[in-house]
Amino acid sequence: MMLRDAVGMALETIRVQKLKSFFSLIGVLIGVTFLIAVVSIVQGMNVYMEDKFANKLIGLNTFQLRRMPNFNSGNVTDDMWRAWQRRPRINYAEAAYVEAHIQTPAIFSRFCDQRLPVIWNGKTAKDVNVTTVDAPYFKIKDYDLDEGRIFTPQEGRAGMAVAVVGWELADKLFKEVDPIGKDVTIEGLPYRVVGKVTKQGSLFGISLDKFVIVPFEAPVHRAACRLGFMDELHIQTANPTAMQAALGETEELMRIERRLKPGQEDNFAMQTAEGALEGWKKISRFLMLALPLLVSISVVVGGIVIMNIMLMAVAERTVEIGIRKALGARRRDILAQFVVESATISTVGAGVGIATGIGLAFLVRAVTPLPAAVAPWSVAVGVILGVSVGLFFGIYPASRAAKLDPIAALRAE
């Protein structure tokens with residue numbers, strides 16, 4: 001029997017015996033669906049975490065010099081937490097020392113923030129993230145503007161009362177009114193709006209657009225930070241290699257400035273996007289390691305079902321096998337026929353599973369902010385898995401059929 005005929009017979013069996021075929025396909029279908037869906041969601045989460053989480057919150061090729069880590073994926077004991085709390089905050093002198101002595105080309109921005117109300121024309125936006133920074137902060141964050149401009153380094157050094165607002169804050173306070181040139185009130189003082197940042201979206205349902213950015217030396221700094229100290233010093237380099245060099249230099253300079261002896265632990269932290277992603281990467285690795293086990297359970301169950309269905313098919317078609325053998329069919333012809341049928345059924349199940357998995361990935365992308373992406377290699381693995389399961393679990397029923405005595409088979413009816 002030709003391969004095409006065996007495949008055609010298997011497809012006809014699926015069409016005619018729909019319920020039996022469904023139970024034959026279900027195990028492989030679930031396994032492959034799970035494979036495609038999980039890989040797609042994990043890959044989408046990887047993109048989401050890198051683009052939205054790390055690069056949005058920290059910045060590309062950027063690290064933050066802080067008193068203590070702001071993202072931590074390990075087990076932090078109470079003693080460790082208390083030790084972090086006792087660390088001195090980063091002060092102006094230390095930031096200036098690092099900026100003056102670091103050899104790697106970089107840009108810098110001091111940073112403080114505080115949740116405060118912002119008022120305009122009698123309307124109040126509560127719990128707004130008021131951020132005080134230096135002018136390079138906009139380049140570090142790669143912010144684009146819908147309209148207006150950022151404040152200049154000169155305005156920053158002078159502590160001018162100017163502000164750049166986020167999209168959501170502008171929408172809430174100003175509605176259809178152009179915010180540029182309007183004065184908003186923060187901590188009782190007016191700030192002239194000079195720019196509006198393009199919409200940044202949300203992160204895990206938390207808006208990234210409800211903020212106002214003012215110069216670091218502006219009066220509101222007294223509410224955001226204690227005088228002489230800052231929450232973070234942001235440092236951005238041109239590429240990852242330069243960032244690693246800058247990390248090493250910054251650590252050395254801070255140890256010198258704080259007079260830490262060799263062997264003494266750092267009493268400051270340097271946060272990178274890689275460090276912020278560490279927690280998610282652990283989860284991602286666990287999922288990818290657990291995935292083969294979870295898929296294999298479904299596939300093995302599906303393979304056993306296919307084997308049982310094929311054994312039933314051999315029993316039902318005993319006379320047919322006897323006739324074919326009487327007409328000259330060889331053992332290998334019978335063996336090939338049933339193995340191909342088993343592989344076809346399994347492959348159809350894998351195909352349906354691939355379609356279902358891709359559908360789930362698109363559904364996740366449509367209803368969530370995750371850019372779920374179907375990995376081509378996972379589709380290829382799904383097809384190979386379907387063919388392999390059919391071949392492996394179809395060998396035993398096929399060998400049973402091939403070993404039937406033609407005379408005994410013809411008498412079976």
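Predicted model: local features only at pLDDT ≥ 70, side-chain atom pairs only at ≥ 80, totals over all residues.
**Salt bridges, a core and a patch**

Okay, let's start with R82, which is partly exposed because its relative accessible area is 44%. For that word, buried means under 20% relative accessible area, exposed means over 50%, and partly exposed is in between, with a 1.4 Å probe and protein chains only.

Residues are numbered from 1 along each chain as its sequence is written, and side-chain values use heavy atoms, with hydrogens and water left out.

So who is the partner of R82? The side chain of R82 meets that of D79 in a salt bridge, at 2.5 Å from N to O. A salt bridge here is a side-chain nitrogen of Lys or Arg within 4 Å of a carboxyl oxygen of Asp or Glu. D79 counts as exposed, because its relative accessibility is 53%. Both residues sit in helix α3 (residues 78–85), 3 residues apart, or about one turn of the helix. Helices (H or I, at least four residues) and strands (E, at least two) are DSSP runs, numbered from the N terminus.

How many salt bridges does the structure hold? There are 9. One of them joins E94 and R258, with the closest N and O atoms 2.7 Å apart. E94 is in helix α4 (residues 92–101) and R258 is in the loop between α9 (240–257) and β14 (269–272), so this pair ties together parts 164 residues apart in sequence. Are E94 and R258 buried or exposed? Both are buried. And R110, D134 and E217 are linked in a network of salt bridges.

Now the inside. In soluble globular proteins, nonpolar side chains tend to be buried together. A nonpolar core is a set of buried Ala, Val, Leu, Ile, Met, Phe, Trp, Tyr and Cys residues joined through side-chain atoms within 4.5 Å. The largest one here has 28 residues, and those with the most contacts inside it include V28, L291 and F338. Two or more residues each come from α2 (18–57), α10 (273–316), α12 (331–367) and α13 (376–402). Which element gives the most? That's α2, with 8 residues.

K126 counts as exposed because its relative accessibility is 62%.
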